[in-house]
Amino acid sequence: MAMLHLVNKSPYDASSLETASSIMKGDDAMLLIEDGVYAAVRNGKAAASLEGLKVSVLGPDLAARGIGEDKLIDGVTVVDYAGFVDMVEANDKVQSWL
Amino acid sequence: MSEIKKFMYVNRKAPYGTIYAWEALEVILIGAAFEQDVSLAFMDDGVYQLTKGQDTTGIGMKNFSPTYSALGDYEITKIYVDKESLEERGLSLDDLQHLVWEDEDEDWAEKDSIRLVSRTELADVLAEQDVLFNF
C-alpha cells in the first residue's frame, strides 16, 4: 500500500516538506511540485530532509524557477506531466501536503 | 514642496507559487516614476526571484524575470541580496542574473546593481530608509 506524497511549498517557508518526509514509510514516494522543487537543490539546508527517500521533481516547475537539473541532489529523478500521472497511477493513494 | 525619500521594497517570496513577486515588480516600476531614492532587498525565498535561466513555457505562466534587468533604466541601482538566504538555499551569486546599470556621471560605465550583504549590513540599510514596502 504505497502512498504518493505531493509537496508544493518551499521548505524554507512552510513545514510541509518536514511533515511529509517524517511520515513517509515503506515504498512511499514523494513528488516535489511548484515551490516544493526548491527542496531538491543539492547544497540547500532542506536537502537533508530528503535523505533515504524516493524523491521526484516536476521538470516544468524546475525550469520555470531557473533551477538546473545539474543543481539537484543525486538520486532525485525529474519527471514531466505524463510522469506525474504515472506516479499517481502507480500508488494506491495520494496525500497532498498543502 | 517635493522631498526625496528613501524607499525600500523588501521581497521575501518565491516568484511563481504566489503573486507577491510579480505584484511587487509592478509597484516598484510604477513607483519609479515618482523619482524617489529606491532600493530593493531580496531575502528569504525572495532570492529565488533573481535566478537566471527561468523558463516558464512548461507551466503556462508569464516569465517576468527579464523585467529585473530593466530596473537599471528606471534608475533603480541598489539591489541588496541577503547572503545568508542564498547560502541556506544552496545558491550563490553565480546562480543569479547579472544586473547592471549605466552611470551617466562616468560616461555610462556599466556597474553592478546587486550588492551581496550580510544580515547585519542589511539591517543597517533598512535602518536608514524612510519608507518600507513589504512583499
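This is a predicted model: local features need pLDDT of at least 70, side-chain atom pairs count only at pLDDT 80 or more; totals for chains, interfaces and linings use all residues.
Trainee: Which residues line the largest pocket?

Mentor: Rolling a probe the size of a water molecule over the atoms shows where empty space is left. On a 1 Å grid over the protein atoms alone, a pocket is an open set of points with protein on both sides within 12 Å along at least five of seven lines, and a lining residue has an atom within 4 Å of a point. Here the lining consists of Ser69(B), Gly72(B), Asp73(B), Glu75(B), Thr77(B), Val100(B), Trp101(B), Glu102(B), Asp103(B), Glu104(B), Asp105(B) and Trp108(B). By class, that lining has 3 nonpolar, 3 polar and 6 charged residues (Asp, Glu, Lys and Arg count as charged; Ala, Val, Leu, Ile, Met, Phe, Trp, Tyr, Cys and Pro as nonpolar; the others, Gly among them, as polar).

Residues are numbered from 1 along each chain as its sequence is written, chains are lettered from A and ligands numbered from 1 in the order in which they are written, and side-chain values use heavy atoms, leaving out hydrogens and water.

Trainee: How many cavities of 30 Å³ or more does a search of the whole structure find?

Mentor: In a cavity, a 1.4 Å probe fits but cannot get out. The search finds 1 of 30 Å³ or more, and the largest cavity holds about 40 Å³. Its lining includes Tyr68(B), Leu71(B), Ile76(B) and Ser113(B), and divides into 6 nonpolar, 3 polar and no charged residues.

Trainee: How many residues of each chain are in contact?

Mentor: Contact means heavy atoms within 4.5 Å. By that rule, 17 residues of chain A touch 21 of chain B. The two chains bury about 1500 Å² between them, 52% of it on carbon and sulfur atoms (accessible area, 1.4 Å probe, lost on being put together and summed over both). On the chain A side, Tyr12(A), Tyr38(A) and Ala64(A) lose the most area, together 31% of what that side buries.

Trainee: How many salt bridges does the rule find across this interface?

Mentor: Side chains of opposite charge can pair when their charged atoms come close. The rule finds 2 (a Lys or Arg side-chain nitrogen within 4 Å of an Asp or Glu carboxyl oxygen). Glu88(B) and Lys45(A) meet in a salt bridge at 3.5 Å, N to O.

Terms used:
Grid points are joined across faces, edges and corners, and a volume is the space filled by probe spheres set on the points.
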